[in-house]
Amino acid sequence: MLIPHTFTRQGHAYRVKGQYVLSTSDVLSLNGLCLFDGVPAETVHHASDRGRMVHEVIQCIEEGVKLPGRTKEAQERVVSYLRWKEKTGFQVCGPMERSMVYEHHATNMLIGGTPDMIGRIGNQVWVVDLKTCFRQSGKAKMMKTFEWRLQTQSYLEALQEDDALWATLGEGQMKRAVLHLHPDCGITVRGGERLGYEWNPFEQDDTLAWDAAVWMASLKIQNGHKVPDRR
């Protein structure tokens, strides 16, 4: 069962009366992930604004409302999203950008999260998180992928508690993935045009990994640690 809460977009704060709530990003930060140490503040702010704009435009497209203004960077990523949508037949089948709070069973901690979108590809239901950051490779990509796996595991666990959603979806399993939108993503043939997107499905069960991350975050909070500043 989901926990009633209030959500403040500024600071991405989830609040439940009389109880402490860690956001999914807080858990990642307390585990040394999702940090921007050494990155200039203006770079972080620019990337954050770009990502927010891409999310808003895609949500407007899917919900059939008037599109907000957008930069060239946001526009090219939205075009890539539409290319991916046409290729896969993805259809949104659940609320977008909805804040949720759930009780993490292994620790009894309250965790907040805001899944980007839920949709169907064929007969499969997916929770999909959109990313607009630079494309990485090698060990850097491995580390970023691990962060994404934990993030989407949290969203999956939240959505599993949403009885109203499953009443509309019916029985079945939900899969999770990150759709990475960036001009450098999606190599088709050497020297050819890039697709502008990369689909990153996560087939492994990350329940225990997420349990460990929440345990560590909880212990650090209990022992005086503060959530790192993610700007």
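Predicted model: local features only at pLDDT ≥ 70, side-chain atom pairs only at ≥ 80, totals over all residues.
Trainee: How do you know which residues of α4 and α6 meet?

Mentor: Contact means heavy atoms within 4.5 Å. On the α4 side we find Leu150, Gln153, Ser154 and Glu157, and they meet Thr207, Ala209, Trp210 and Ala213 of α6. By class, that contact has four nonpolar, three polar and one charged residue.

Trainee: Nice! Now the sheet: what makes β4 and β10 edge strands?

Mentor: The open sheet has the order β4-β7-β8-β9-β10, with mixed pairing. β4 (91-92) and β10 (197-201) each pair on one side only, and that makes them the edges.

Trainee: How do you know that β7 and β8 pair?

Mentor: Pairing needs at least two bridges. Five bridges join β7 (residues 117-121) to β8 (residues 124-131), so the two strands count as paired; they run antiparallel. Methionine 117 stands opposite valine 128 in β8.

Trainee: And what makes Gln153 part of the lining of the second largest pocket?

Mentor: Lining residues have an atom within 4 Å of a pocket point. Gln153 is one of 25 such residues, and is among those nearest the centre, with Leu156, Gln160, Met174 and Arg176. The pocket's volume is about 470 Å³, and its lining has seven nonpolar, nine polar and nine charged residues.

Notes. Residues numbered from 1 in each chain as written. Heavy atoms only, no water. Helix = DSSP H or I, 4+ residues; strand = E, 2+ residues; numbered from the N terminus. Nonpolar A, V, L, I, M, F, W, Y, C, P; charged D, E, K, R; others polar. 1 Å grid on protein atoms, 1.4 Å probe; cavity = no way out; pocket = protein on both sides within 12 Å on 5 of 7 lines; lining within 4 Å. Points joined across faces, edges and corners; volume = space filled by probe spheres on them.
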